[in-house]
Amino acid sequence: MKTNTLLSIILFAYAVTAIGQEKYITKTGELTFEASVPSFEEVRAKNTNVSAVLEAETGNFAVLALMKGFRFKVALMEEHFNENYIESSQYPKTTFKGTIKDFDFSRLSEKSEYTILGTITLHGVEQQVEIPATISIADGTLLLAAQFVLRPEQFNIKIPSIVSKKIAEDVNVAAVFKLQKQK
Amino acid sequence: MKKKRIFLILILLFAVGGFLAYNYVYQDHRDIKSETSQLEISAPYLLERFKTNNGDDLLNKTITVTGTISSMEEGAITLNESVYAQFLEPDLELKEADNVVLKGRCIGYDELFEIVKLDQCTLIK
């Protein structure tokens with residue numbers, strides 16, 4: 001009898017943790033940013049190796065992008081981005097940690113507009129952000145898309161005045177994550 | 001006559017200068033595929049180097065990694081659950097448990113999944 005109770009407690013605890021740990025993940029998330037100014041060279045880069053984890057139970061959401069994974073059309077621009085602006089050797093990654101507000105996994109089919117609250121760490125600077133996102137689910141794949149604006153000065157990234165005309169002050173960031181249930 | 005010569009020289013200098021400037025600004029991207037690899041390492045050992053904070057000198061370097069495929073993603077594979085490698089050309093005839101040797105650019109350590117990431121990879125074997 002005693003062993004039975006003990007066993008059921010263990011089993012119950014195990015089941016609860018299993019539900020709580022249900023995660024949706026991707027290693028191939030896409031992050032694009034654009035700071036182009038009309039009539040100047042396009043300033044745009046894309047990273048297709050971004051990691052993201054979403055906890056289904058809590059709505060906790062984490063993203064990690066390696067700065068060296070951002071690819072530009074112009075090689076010299078990529079070099080300047082890494083060496084002068086983002087200083088990717090010193091700050092190799094940017095992260096986001098936060099929570100999706102009012103997230104309820106079982107109601108994903110009814111609601112698709114969400115707000116994600118959290119902290120972006122970029123260039124060694126932390127910033128609180130509020131990001132609007134759309135989340136939908138199809139065939140077991142959770143699609144999370146978000147668009148927002150960041151400014152280099154928020155993250156202590158200095159743009160020399162000689163090129164400041166060619167780089168927009170508002171940087172448009174777009175993120176697309178196709179999250180799959182972790183096996 | 002002399003004026004004409006100076007004028008021609010100036011034009012020539014201008015053209016050469018413009019050509020050099022253009023080549024500098026629009027220089028080609030690195031071609032990881034044709035670069036010689038700086039290090040050959042097994043996937044678990046590469047992860048170990050980053051976990052013990054000994055991997056920063058490998059950032060942005062072209063390296064060769066050996067390992068066994070533990071999972072497949074879109075256009076990418078994971079070796080021994082420790083190294084993620086994105087390929088230049090995604091359509092590969094690979095499957096889980098295959099032993100592979102690949103060359104790519106090391107872009108850093110991903111703490112979320114505890115893996116080292118490589119991009120622009122090509123399969124060697």
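Biologist: What is the span of helix α1 of chain B, from its first C-alpha to its last?

Modeller: Helix α1 (residues 2–25) of chain B has 24 residues and reaches 35 Å between those two atoms, close to the 34 Å expected at 1.5 Å a residue. That expected span is 1.5 Å times one less than the number of residues, and helices (H or I, at least four residues) and strands (E, at least two) are DSSP runs numbered from the N terminus.

Biologist: And how many of the 24 residues of α1(B) are buried?

Modeller: The number is zero, so α1(B) lies largely in the open. A residue is buried if 20 or more other C-beta atoms lie within 10 Å of its own, exposed if 12 or fewer, and partly exposed in between, with C-beta atoms placed from the backbone.

Biologist: Before we go on, where does this come from, and how is it numbered?

Modeller: This is a predicted model, in which local features need pLDDT of at least 70 and side-chain atom pairs count only at pLDDT 80 or more, while totals for chains, interfaces and linings use all residues. Residues are numbered from 1 along each chain as its sequence is written, and chains are lettered from A and ligands numbered from 1 in the order in which they are written.

Biologist: What confidence does the predictor give?

Modeller: In pLDDT, the predictor's confidence in each residue from 0 to 100, chain A has a mean of 89, with 89% of its residues at 70 or more, and chain B averages 91, with 100% of the residues scoring at least 70. For the complex, the predictor gives an ipTM of 0.86 and a pTM of 0.85.

Biologist: Which element of chain A has the lowest mean pLDDT?

Modeller: That is helix α1 (residues 2–20) of chain A, at 60, whereas strand β3 (residues 60–66) of chain A has the highest, at 96.

Biologist: Back to chain B, what is its overall make-up?

Modeller: Chain B has two helices and six strands, which run α-β-α-β-β-β-β-β from the N terminus on. Its C-alpha trace spans about 75 × 35 × 25 Å along the principal axes, and 28% of its 125 residues count as buried. The radius of gyration of chain B is 22 Å, but a compact globule of 125 residues would have one near 14 Å; this radius is taken over C-alpha atoms, and the globule rule is 2.2 Å times the number of residues to the power 0.38.

Biologist: How many residues does each chain bring to the contact?

Modeller: Chain A brings 16 residues and chain B brings 20, where two residues are in contact if their C-beta atoms, placed from the backbone, lie within 7 Å. On the side of chain A that touches chain B, β1 (23–34), β2 (44–55), β3 and α2 (75–85) of chain A each supply at least two residues.

Biologist: Moving to A:A133, is this residue buried, exposed or partly exposed?

Modeller: A:A133 is partly exposed, because 19 other C-beta atoms lie within 10 Å. A:A133 lies in strand β7 (residues 125–138) of chain A, and, leaving aside its neighbours within four places in sequence, A:A133 is in contact with A:Y114, A:I116, A:L144, A:A145 and A:A146.

Biologist: And what makes up chain A as a whole?

Modeller: Chain A has three helices and nine strands, and buried residues make up 27% of its 183 residues.
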